[in-house]
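Please keep the structure in view while reading.

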Amino acid sequence: MNNEIKIKKETLDSLIFFYFGFTLDEDYSEIIVRIIEKAYNDATSQGAFNVKADSRKAQLSKYGEGGSLNIMIERLKMLENDEVVKFDDWHSETCKELIDIYNKNGLEGIFTYGNAQKWINMTLKYIYLLNGISENYAKSFWERTSKICRYSSSFHIPIDSYLIDELWDYPDVKLPFKDNVEKDRSYQYVVPSKYIKGWSNWDENDYNDALDSWRKVIDKDSMVWESEHWINRAKERKR
């Protein structure tokens with residue numbers, strides 16, 4: 001069955017502009033910056049960083065010389081290059097570069113591996129989704145983002161409370177429990193994420209344990225799995 005959906009360009013422009021504040025025929029570099037900014041809000045507007053971070057230090061870390069925004073831009077360019085990278089290595093190195101710049105600006109232990117993974121993974125998710133609807137509407141954007149999306153089968157899922165609840169249903173997926181809770185993977189918890197460390201508090205080991213064990217049990221492309229399960233859990237939360 002053909003699952004292609006035709007949509008008027010003005011309708012697509014309106015939806016994208018409403019959510020992101022741009023249309024796909026604008027300057028590519030500006031689009032990428034806005035995608036990164038949108039993903040940054042996803043990664044920092046909730047959790048410990050939002051509460052603990054000194055706003056001046058956060059702004060300096062992000063917009064200062066060699067700041068995290070420029071790091072994200074330059075790291076994405078690596079995925080566009082003709083030279084193939086090992087995606088997991090690229091992801092790990094990007095997380096560490098981001099964390100380092102916040103540490104250097106006095107936010108050590110506040111901008112975490114959990115924040116970094118969410119920022120990177122949401123950026124790539126947005127690029128992946130926009131790439132999927134742009135081929136017939138914004139050829140230049142589609143061609144450039146297709147270079148990034150050639151790695152989509154290796155993309156990581158953006159860990160948040162919705163996906164933690166979904167991952168709970170996979171007993172073989174390793175999840176980091178909070179301290180002072182019953183560390184039992186029974187199904188007694190209505191909202192399992194209340195008993196697992198908040199994603200913004202995850203360290204590198206927490207993240208890699210969950211990701212590696214999750215990859216062993218899924219049988220779908222990571223972005224397809226993430227989209228289906230995130231939507232399912234979001235609908236459950238609304239009931």
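## Aromatic pairs

Two rings of Phe, Tyr or Trp (its six-membered ring) form a pair if their centres lie within 6.5 Å. The model is predicted, and a search through the whole structure gives 18 aromatic pairs.

How far apart are the ring centres of phenylalanine 20 and tyrosine 126, and at what angle are their planes? The centres are 5.1 Å apart and the planes stand at 90°. Planes over 60 degrees apart count as edge-to-face, so phenylalanine 20 and tyrosine 126 are an edge-to-face pair. Phenylalanine 20 belongs to helix α1 (residues 9-20) and tyrosine 126 to helix α7 (residues 113-132), so the pair ties together parts that are 106 residues apart in sequence.

Buried means under 20% relative accessible area. Phenylalanine 20 has 15% relative accessibility and therefore counts as buried. Tyrosine 126, with a relative accessible area of 5%, is buried.

## A cluster and two charges

Ring pairs also join Tyr40, Phe49, Tyr102, Phe111 and Trp119 into a cluster. Over the face of tyrosine 40 lies lysine 62, at 3.7 Å from the ring centre.

A further lysine, lysine 118, lies over the face of tryptophan 199, at 4.0 Å from the ring centre.

## Serine 152

Serine 152 is found in the loop between α8 (139-149) and α9 (161-167). Is serine 152 buried or exposed? Its relative accessibility is 13%, so serine 152 counts as buried.

Which residues does serine 152 contact, leaving aside its neighbours within four places in sequence? They are Tyr128, Asp221, Ser222 and Met223.

Methods. Residues are numbered from 1 along each chain as its sequence is written. This is a predicted model: local features need pLDDT of at least 70, side-chain atom pairs count only at pLDDT 80 or more; totals for chains, interfaces and linings use all residues. Side-chain values use heavy atoms; hydrogens and water are left out. Helices (H or I, at least four residues) and strands (E, at least two) are DSSP runs, numbered from the N terminus. Buried means under 20% relative accessible area, exposed over 50%, partly exposed in between (1.4 Å probe, protein chains only). Contact means heavy atoms within 4.5 Å. Rings of Phe, Tyr and Trp (its six-membered ring) pair if their centres lie within 6.5 Å; planes under 30 degrees apart count as stacked, over 60 as edge-to-face and the rest as tilted. A charge sits over a ring if NZ of Lys or CZ of Arg is within 6 Å of the ring centre and within 35 degrees of the ring normal.
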